[in-house]
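This briefing is for a reader new to the structure shown below. The points are grouped by topic.

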Amino acid sequence: MRVGRGAAVGDRLTLSLRPEDVSLHTARPEGPGIENLFEGEVVDTIYLGSFLEGRVRVGRHEIAIRIDHYEEPAPGQTIHLSFRPEHGLCLTG
C-alpha cells in the first residue's frame, strides 16, 4: 500500500484513522467545523478505566473508537462519528 497522494476520482482508497481521533456525537451535529460525518450503530463498548473502547458499524464496515469514559453509548444506539481531515490517512493499492 502507498499513501493516496494523486489519487483520481473513482480510485479505490483505504482510510486509516486512530481510534482516539474519531469524535462521537449522540445527535447529528450542526454548524461549522464538522467534517467527515458518518452515521453508525454502536456494536459494543468496553470500559478500560479512563476511557472506553468500542466498535461502531457504519454501513458494512466497523470502526474502532476510543472515547472518554463519561460517555456511555449503548449497543444498538445510533450515533454520529466525525474526524478532522488531517487525522485521516488515505492509502491506495
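Ser82 touches Asp21, Val22, Ser23, His25, Glu35, Asn36 and Leu37, leaving aside residues up to four places away in sequence. The model is a predicted one.

**Ser82**
- Ser82 has a relative accessible area of 7%, so this residue counts as buried, the limit being under 20%.
- Its side chain makes a polar contact of 2.7 Å with the side chain of His25.

**The sheet**
- Five strands form an open sheet in the order S3-S7-S4-S5-S6, and their pairing is antiparallel.
- Strands S3 (23-25) and S6 (61-68) are at the edges; each has a single partner strand, so one side of each has no neighbour in the sheet.
- From one strand to the next, the twist averages 45°.
- S3 and S7 (residues 78-82) run antiparallel and are joined by three bridges.
- His25 stands opposite His80 in S7.

**The nonpolar core**
- The largest nonpolar core has 10 residues: Val22, Leu24, Val42, Leu52, Val56, Val58, Ile65, Ile67, Ile79 and Leu81.
- Strands S5 (51-58), S6 and S7 each give two or more residues to this core.
- S5 supplies the largest share, three residues.
- In soluble globular proteins, nonpolar side chains tend to be buried together.
- Ile79, one of the core residues, touches Leu24, His25, Phe38, Glu39, Gly40, Val42 and Val56, again leaving aside residues up to four places away in sequence.

Definitions and conventions. Residues numbered from 1 in each chain as written. Predicted model: local features only at pLDDT ≥ 70, side-chain atom pairs only at ≥ 80, totals over all residues. Heavy atoms only, no water. Pairing = 2+ DSSP bridges. Helix = DSSP H or I, 4+ residues; strand = E, 2+ residues; numbered from the N terminus. Axes fitted to C-alpha atoms, helices over the stretch in contact; angles between N-to-C directions. Core = buried A, V, L, I, M, F, W, Y, C linked by side-chain atoms within 4.5 Å. Buried < 20%, exposed > 50% of the residue type's maximum accessible area, 1.4 Å probe, protein only. Contact = heavy atoms within 4.5 Å. Polar contact = N/O pair within 3.5 Å; in protein donor to acceptor, adjacent residues only side chain to side chain.
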